[in-house]
Amino acid sequence: MKSVVLTGVLLSMVVAGAAPVAADEVPAPAVLPAPTNVTGMQSGTSLIVSWEPSAGATSYTVSADPSGQTCTSATTTCVFDALPARARYSFTVTATDGVTVSDPSSPSPTIRLRALLAEPIFPTAKVLVGRSAQGRKIWALRQGNPLAVTVLLSVGQMHGSEPAGLRVTDRVRNAPIPDDADYQLWTIRTMNPDGAARGDRYNARGVDLNRNFPGTWSARQYRSGRAAGSEPETRVMMRFIQRLQPTGTLSFHQPWNTVLSVCDQRSAFWVRRAAVLIGLKQPGRPSNCGSWYPGTMSRWTARNTGSWFVTVELAPNGRVGPQIPRAARAVVKVAEEMAEDSGPAMGLGTN
Ligand SMILES: [Zn+2]
């Protein structure tokens with residue numbers, strides 16, 4: 001509309017034989033000024049867009065980029081509540097007085113709409129997972145955002161003779177993770193406190209907890225327990241993991257100096273990523289695709305939740321020192337990278 005008016009003015013000047021004038025000397029046509037200072041802000045799972053008013057405007061139309069969805073308002077705010085989460089948006093606003101429409105505003109700064117849960121999975125940041133055979137407490141601690149959809153579980157120790165993951169967990173728990181992070185990170189220092197107290201691989205009843213989980217349990221396995229899920233540590237972990245429904249799980253062991261995963265695509269991705277971040281040897285192909293131990297926590301978790309599962313085998317005690325800080329940083333980095341991933345493999349496109 002502006003250009004039509006301008007062309008008409010220039011044309012009349014040409015007809016009158018006057019010299020052409022620069023556009024900025026032409027009197028501006030009476031149009032509505034564009035709205036200014038457009039900003040977006042997340043509240044719950046909605047995005048609230050606000051702006052400075054344009055003189056003479058009676059209503060405004062906001063459009064979201066990408067998605068193209070629009071929102072109309074007679075005030076200077078508008079709420080989008082059906083935008084896909086886990087995407088970045090910017091917004092432009094036009095004003096109208098019922099007759100003319102302003103130019104679009106400058107786009108707002110980009111804002112990332114994060115998926116959020118309606119309620120925390122656990123109401124507190126410290127949860128009693130349960131008790132060991134000898135009555136020791138197994139605790140889980142949360143860092144990060146209790147409403148975040150992305151949930152990483154990191155288990156420092158399952159075998160009491162493998163202490164490196166305890167040190168990794170202590171470092172992770174000291175990492176400054178903001179309460180408004182895009183993820184929640186749950187750490188269990190040890191799920192075998194009786195074994196840890198004696199420096200013994202097995203629990204107090206002599207059972208290898210990583211052979212005791214149901215689903216793939218076998219009576220023929222060495223120290224697999226008298227039945228699937230016969231051990232209290234196994235059962236309390238099953239109950240906790242069922243309720244937490246982690247997006248991903250890291251389980252620390254020693255001393256193989258490599259990474260292992262169950263045989264699925266997402267685990268295959270994160271097992272390579274964990275190896276790179278910690279500096280461990282990568283398996284030549286997705287591990288455990290051909291053969292695996294029966295009764296492992298990894299296979300039970302993969303079968304009973306949507307979680308990927310990576311077993312991190314750190315170096316033997318004498319050589320593990322330099323890996324500890326790297327592994328701790330890797331735990332936090334994996335959580336951050338999971339939260340950034342908006343791909344369909346995460347199964348979390350919208351909420
Ligand atoms: Zn182990």
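Which residues of helix α2 (residues 164-173) are buried? They are Ala164, Gly165, Arg167, Val168, Thr169 and Val172. This is a predicted model, with an average pLDDT of 88 over the protein. Its largest nonpolar core has 57 residues, and a second, separate core has 16.

**Confidence**

- Of the residues, 86% score a pLDDT of at least 70.
- Over residues 1-19 pLDDT stays under 50, and the model has 10 contacts beyond four places in sequence for this stretch.
- Residues 342-351 also stay under 50 in pLDDT, and here the model has 18 contacts beyond four places in sequence.

**Helix α2**

- An α-helix has 3.6 residues a turn, so residues three or four places apart point the same way.
- Among the buried residues of helix α2 are Ala164, Val168 and Val172, together with Arg167 and Thr169.

**Nonpolar cores**

- In the 57-residue core, the residues with the most contacts inside it are Ala274, Val310, Val312, Val331, Val334 and Ala335.
- Helix α7 (residues 323-340) supplies the largest share of this core, with 9 residues.
- Valine 310 is in contact with Leu250, Val259, Ser261, Ser267, Trp270, Val271 and Ala274, if its neighbours within four places in sequence are left aside.
- One of these contacts, Ala274, is itself listed with Val310 among the residues with the most contacts inside the core.

**The four-stranded sheet**

- An open sheet of 4 strands runs in the order β4-β3-β6-β7, and its pairing is antiparallel.
- Strands β4 (70-73) and β7 (111-113) stand at the edges with a single partner strand each, so one side of each has no neighbour in the sheet.
- From one strand to the next, the twist averages 35 degrees.
- Strand β3 (residues 59-65) is joined to strand β6 (residues 87-96) by 7 bridges, and the two run antiparallel.
- Alanine 64 has phenylalanine 91 in β6 as its bridge partner.
- Between β3 and β4, which also run antiparallel, there are 4 bridges.
- Serine 63 stands opposite threonine 70 of β4.
- The hairpin of β3 and β4 has 4 residues between the strands, and in it serine 67 takes a positive phi near 105 degrees.
- In a regular strand, side chains alternate between the two faces of the sheet.

Notes
Residues numbered from 1 in each chain as written. Predicted model: local features only at pLDDT ≥ 70, side-chain atom pairs only at ≥ 80, totals over all residues. Pairing = 2+ DSSP bridges. Axes fitted to C-alpha atoms, helices over the stretch in contact; angles between N-to-C directions. Core = buried A, V, L, I, M, F, W, Y, C linked by C-beta atoms within 7 Å. Buried ≥ 20, exposed ≤ 12 C-beta atoms within 10 Å, placed from the backbone. Contact = placed C-beta atoms within 7 Å. pLDDT = per-residue confidence, 0-100.
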